[in-house]
Every structure is written in structure tokens, then in C-alpha cells.
Amino acid sequence: MPKPESWRLVAASYPVAIELQTRFQDMDINGHLNNVAFAALFESGRVLLNRQVRPLDERPSNERTMVAAVEINYLAEGNFPDPVEISTGIGRLGTSSWTIVQAMFQNGRCIATCDTVVVCRTDGQAKPLRADMVAELEANLVKSA
């Protein structure tokens, strides 16, 4: 795994952040946050951004989004009961998809990054993103160096 770009390790690079409490059940046998907990915490941050960008009641009834790929890079151990901050933004916009980039911070250090490709489908097939959706996504672009 290549080392993440330096801007990925800075919480201020991301336009949206949420603090989430870790749970006892998130621990593995070694007493660290397990990989399933990392995925669930990143999902919560991703959903927060998606609902901000695309409120459920404002979506066309024939439009759906699907997660096409998720890549998590584990950089350090996470611990219970310390909360984590999930920082989230848009990293790339395509014709019918976008990439959500995230970082997880605990006690001031980045412990993981996550990239998720989301595809928008209309009437069961990929179609270009609507202009208003593109504008909302662009408003949440990360501040890369």
C-alpha cells in the first residue's frame, strides 16, 4: 500500500466531519477496533455526506445510487472507548459516478483512509449526473494540496 498523500492526513482538508463513539463490540481479540468497525464508521460518514448532497425527498423516483467499490487503508490501531472523527469529501467527479474520500482520526492522528466509488443509475442504467447534483458534489470537494 502506498503512503497516503499528506493532505489526506489533515482533517481540515475535508468539508464534512462527524464524531462517532466507538463501542465495546467494535474491538477485536487484541483489544483494537476491528476492520468491520472501520467499515461501519466510514459508512456513517459517507451517508451523512450523501444525505447532505442528495436529500431523500428531493431525488427523482427513478434515480438510485450504488456503491461500486470501497478501499480502506489501515494506518494505525484504533481503540475503544475513544471516539473517532470521520472526515469526508468528494475526491473525484466522473460522468455518472463520484469518489468519496475519507479519513478517520482518533486522538489527533489519522488511523485510516477510505475511498468509495458511487455510481448513479437512472431507469436502471448509468446516465450522466444531473447538473444540480454536480453542483452539490462540487461544493463538497476536498481541499487537496
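A salt bridge here is a side-chain nitrogen of Lys or Arg within 4 Å of a carboxyl oxygen of Asp or Glu.

The model is predicted, so local features need pLDDT of at least 70, side-chain atom pairs count only at pLDDT 80 or more, and totals for chains, interfaces and linings use all residues. Residues are numbered from 1 along each chain as its sequence is written, and side-chain values use heavy atoms, with hydrogens and water left out.

**Salt bridges**

The whole structure holds five salt bridges.

| Pair | Distance |
|---|---|
| Asp-115 and Arg-8 | 2.8 Å |
| Glu-63 and Arg-130 | 2.8 Å |

The Glu-63 and Arg-130 bridge has N and O atoms 2.8 Å apart. It links distant parts of the chain: Glu-63 sits in strand 2, and Arg-130 in the loop between strand 6 (125-126) and helix 2 (131-138), 67 residues apart. Helices (H or I, at least four residues) and strands (E, at least two) are DSSP runs, numbered from the N terminus.

Buried means under 20% relative accessible area, exposed over 50%, and partly exposed in between, with a 1.4 Å probe and protein chains only. Glu-63 is buried at 4%. Asp-132 is partly exposed at 48%. Arg-130 is partly exposed at 27%. Shared partners join Glu-63, Arg-130 and Asp-132 into one salt-bridge network.

Asp-115 and Arg-8 meet in another bridge, at 2.8 Å. Asp-115 lies in strand 5 and Arg-8 in the segment before strand 1 (16-20), 107 residues apart. Asp-115 is partly exposed at 25%, whereas Arg-8 is buried at 9%. Side chains of opposite charge can pair when their charged atoms come close.

**Strand 5 and Thr-116**

Thr-116 belongs to strand 5 (residues 109-122). Its relative accessibility is 0%, so Thr-116 counts as buried. Contact means heavy atoms within 4.5 Å. Leaving out residues up to four places away in sequence, Thr-116 touches Arg-46, Val-67, Ala-69, Val-70, Trp-98, Thr-99, Ile-100 and Gln-102. Gln-102 is 14 residues from Thr-116 along the chain, and their C-alpha atoms are 8.5 Å apart.

The side chains of Thr-116 and Arg-46 also make a polar contact at 3.2 Å. A polar contact is a pair of N or O atoms within 3.5 Å; within protein, one must be able to donate a hydrogen and the other to accept it, and residues adjacent in sequence count only if both atoms are side-chain atoms.

**Helix 1**

Helix 1 (residues 35-53) has 19 residues. From first C-alpha to last it reaches 27 Å, close to the 27 Å expected at 1.5 Å a residue. The expected span is 1.5 Å times one less than the number of residues.

Arg-46 is one of the buried residues of helix 1. Others on that list include Phe-38, Leu-41, Phe-42, Gly-45 and Leu-49. The buried residues of helix 1 pack against strand 1, strand 2, strand 3, strand 4, strand 5 and helix 2. At the helix start, a side-chain oxygen of Asn-34 comes within 2.9 Å of the backbone nitrogen of Val-36.

**Cysteines**

A disulfide is a pair of cysteine sulfur atoms within 2.5 Å. The whole structure has zero disulfides. Cys-110 is in none; its nearest cysteine sulfur, that of Cys-114, is 11 Å away. Cys-110 is buried, at 14% relative accessible area. The closest cysteine sulfur to that of Cys-120 is in Cys-114, 20 Å away and too far for a bond. Cys-120 is buried at 2%.

**Backbone in two loops**

Phe-80 and Pro-81 are joined by a cis peptide bond, with omega about 15 degrees. Pro-81 lies in the loop between strand 2 (63-74) and strand 3 (84-93).

Asn-107 is not a glycine, yet has a positive phi of about 55 degrees. Asn-107 is placed in the loop between strand 4 (97-106) and strand 5. With a relative accessible area of 61%, Asn-107 is exposed.
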